[in-house]
Amino acid sequence: MADTISHSAIRYTTAIEKPEADEGETIRGLNEQFHLIQEQTAKDYGSAVRGVHAKAHAIVKGRIEVLPGLTAPLAQGLFATSGSYDVLMRFSTLPGDILDDSISVPRGVAIKLFDVSGDRLPGSETDATQDFVFVNGPAFAAPTPKAFLANLKMLAKTTDTGEGLKKALSATLQVVDAALETIGVQSPTVETLGGAPNTHPLGETYFTQVPFRYGDYIAKLSLAPVSQNMTALTGDKVETSGRPDALREDLGEVLIEQDCVWELRVQLCTDLEKMPIEDASVVWDEKKSPFVPIALLTAPAQISWEHGASDGQDKAIAFSPWHGLAAHQPIGGVNRARKPTYEASAKFRGEFNGCPMHEPRSLGDVPAKAMTVD
């Protein structure tokens, strides 16, 4: 299979991207919606949080090791040679407000690799990091920036809705989602609005969902649990009754006692029609191109959330797929829209909290104690 993929993998060229004529206007609309969400949540909490994935459940330090012996087209970009990098992980959930964990929504993991060298993406020329952003679903909930804007408007309308109503809606939508699954139907909209299965984050497989340049090729990435202590949690439901921070607590119980190991995997694009660049909602067929391991990420046993310290760390850092190497440039409309909106979101947080964002160059630059940001 690997040999077949090596001969059929599509090579990257700038011609594969085809922006819509009014994409700039759509991006302005996205910025407006992010700003509305952040203004409202800053008013509610007294400090600014992210426009999406506002609630963090764990901040975890680890090490990622590129597997030896990778051959082209797998050996690309920062994975071109064997080596290892310090990494910071942030576990989160989707909404732009900080909700009771009984409101079940898609989960995310963002990772930041340090001391990464190579030609940089615009806007990150002075950095030494590489960010990848993952969600526990194989495709994005919206195909295009316009559809992304429509979804964000729905999230914005529910941002300041009473939490009791959100809990009731989530409970109903989880039943709807389970019923759809029994007939083989998955609804990203239902899951985004609170109908996602409320399963243990450490048992989940996470995906970049949208395509990236992978050196000379095009790919999506996934992050999959491989240590037995995590695979045993796959599909396990989290008990959230009376536990507003259940995910943080359940993550912490495992991470404080046990090392955790994930595989970072790559799925190369082998067919531009069936694996489109400009439709982020299409799941790329793993039968045509499976996810192949390229690195191992290990997080040693540690405290994953410490009130005061972790809150400060979370406020001090930002993740964006546009922090990184030119060899891993985000591609496609949703990714193009992410660059200015993520930048504006981070800028708003820094300005409102009186602590501008500074990209760390090493794990040592991540604050070990709470920072004064209010």
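Is Val282 buried, partly exposed or exposed, and what is its relative accessible area? Val282 is partly exposed, at 24%; buried means under 20% relative accessible area, exposed over 50%, and partly exposed in between (1.4 Å probe, protein chains only).

The model is predicted: local features need pLDDT of at least 70, side-chain atom pairs count only at pLDDT 80 or more, and totals for chains, interfaces and linings use all residues. Residues are numbered from 1 along each chain as its sequence is written, and side-chain values use heavy atoms, with hydrogens and water left out.

**View 1. Surroundings of Val282.** Val282 lies in the loop between strand S8 (260–268) and strand S9 (292–299); strands (E, at least two residues) and helices (H or I, at least four) are DSSP runs, numbered from the N terminus. Beyond four places in sequence, Val282 touches Ala139, Lys220, Lys274 and Pro276 (contact: heavy atoms within 4.5 Å).

**View 2. Strand S2 and its partners.** In S2 (residues 83–93), eight of 11 residues are buried. S2 runs antiparallel to S1 (residues 55–66), with 11 bridges, and antiparallel to S3 (residues 107–114), with seven; strands pair if DSSP finds at least two bridges between them. Glu65 has Ser84 as its bridge partner, and Leu88 has Lys112.

**View 3. The largest nonpolar core.** A nonpolar core is a set of buried Ala, Val, Leu, Ile, Met, Phe, Trp, Tyr and Cys residues joined through side-chain atoms within 4.5 Å. Of its 43 residues, Phe91, Ile111, Leu202, Leu223 and Trp262 touch the most other members. S8 contributes the most, five residues.
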